[in-house]
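User: Hello! I am new to this structure and would like to understand the terms used for it. Could you walk me through them?

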Amino acid sequence: MSKLSVMQSIFLFIGIFVLASSKTTGAQSVGVCYGRNGNNLPDEQATINLFRANGIGRMRLYDPVQAALEALRGSNIEFILDIPNTQLQSLQDPVAARTWVRDNIQNYLPGAKFRYIAVGNEVDPNNGGTSQYVNLVLPAMTNVHNAIVAAGLQNQIKVSTATYSGVTSGFPPSQGSFQDSAKGFIEPIIQFLAQNNLPLLANIYPYFSYLGTPEIDLQYALFTAPNVVVTDPDGNREYRNLFDALLDTLYSAVERSGGPNIEIVVSESGWPSAGDREATVQNAQTYNQNLINHVRGNGTPKKQGKAIETYLFAMYDENQKGGSETEKHFGLFNPTNQQPKYQLSF
């Protein structure tokens, strides 16, 4: 297949979705996460060109790389920009936060379309790898938010942090709450978001829940269950897929922590194509196709009829990604030739 025909076919799987969803209000299109943990990745400009060629209108960028920000300028791609956990310490100083906003946001305006700033990713008091950052997230969020307000950008750029479903517990979803060990960390953040009308970003991975819970059926995780799997007595809500159950569990936890009106943006979701049990190309294709179809406007049983802003993880396989082997195999595109790993269509 020629490069042109490949580009055209991929446009069908993401571009049509972007065009269709752009007719609704708010942020309703599916984006793709641009992870950069690989030694065989295309350069930043080539990556932005690939996003644009395929009609992908949203991105998550995990650190403020100058070359990527320059390439995004004028691209019309809206994006989440992360502040990595390792940079949170430097932003405890309000002056440093204003400098960060100047250098990494204002310097790229008006051409770059910043959407959210994710101040830290998956910080968790129960995780030895991230627990050192627990006391740094909220002060950094506050300082960055104040710097954005001072720059007059608060109506176009929202500050948040990216959490994940591992900090919640409770079943069925209406009983969701933050784990006791995490409440002291996360509840002040929820209250800050509520006070400032800011969203919560969350990484939702049915794959990892499936892998860690033997009683979960694969079809329930892949959106292919033929019948209702879970009935929640609260409102007689019925769940046919694990994605909705995880998201509504988090919504319940956020409500219990003082954020009944907070919107949750799914800042990562995906399925690996290799590396562990049920990590196959077919399952990755099935999950991502069904996720794209689902988030367009179905909502969840708790938030019915509302499109779910969602970012697929990830643009490329990342051969230097840490953690389990599956972490290296979430890509939609092969980094060496920029061809799709599998076809998604509408």
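Analyst: A search of the whole structure finds 13 aromatic pairs. This is a predicted model, in which local features need pLDDT of at least 70 and side-chain atom pairs count only at pLDDT 80 or more, while totals for chains, interfaces and linings use all residues. Residues are numbered from 1 along each chain as its sequence is written, and side-chain values use heavy atoms, leaving out hydrogens and water.

User: Why is the pair of Y205 and F330 called edge-to-face?

Analyst: Rings of Phe, Tyr and Trp (its six-membered ring) pair if their centres lie within 6.5 Å; planes under 30 degrees apart are stacked, over 60 edge-to-face, and the rest tilted. The centres of Y205 and F330 are 5.8 Å apart and the planes stand at 75°, so this pair is edge-to-face.

User: What makes Y207 buried and F208 partly exposed?

Analyst: Buried means under 20% relative accessible area, exposed over 50%, and partly exposed in between (1.4 Å probe, protein chains only). Y207 has 0%, so Y207 is buried; F208 has 31%, so F208 counts as partly exposed.

User: How do you know that α5 is roughly parallel to α6?

Analyst: Helices (H or I, at least four residues) and strands (E, at least two) are DSSP runs, numbered from the N terminus. Axes are lines fitted to C-alpha atoms, for helices over the stretch in contact, with angles from 0 to 180 degrees between N-to-C directions. Helix α5 (residues 137-150) and helix α6 (residues 180-195) pack at about 15°, their axes 10 Å apart. That makes α5 roughly parallel to α6, as angles under 35 degrees count as roughly parallel, over 145 as roughly antiparallel, 65 to 115 as roughly perpendicular and the rest as oblique.
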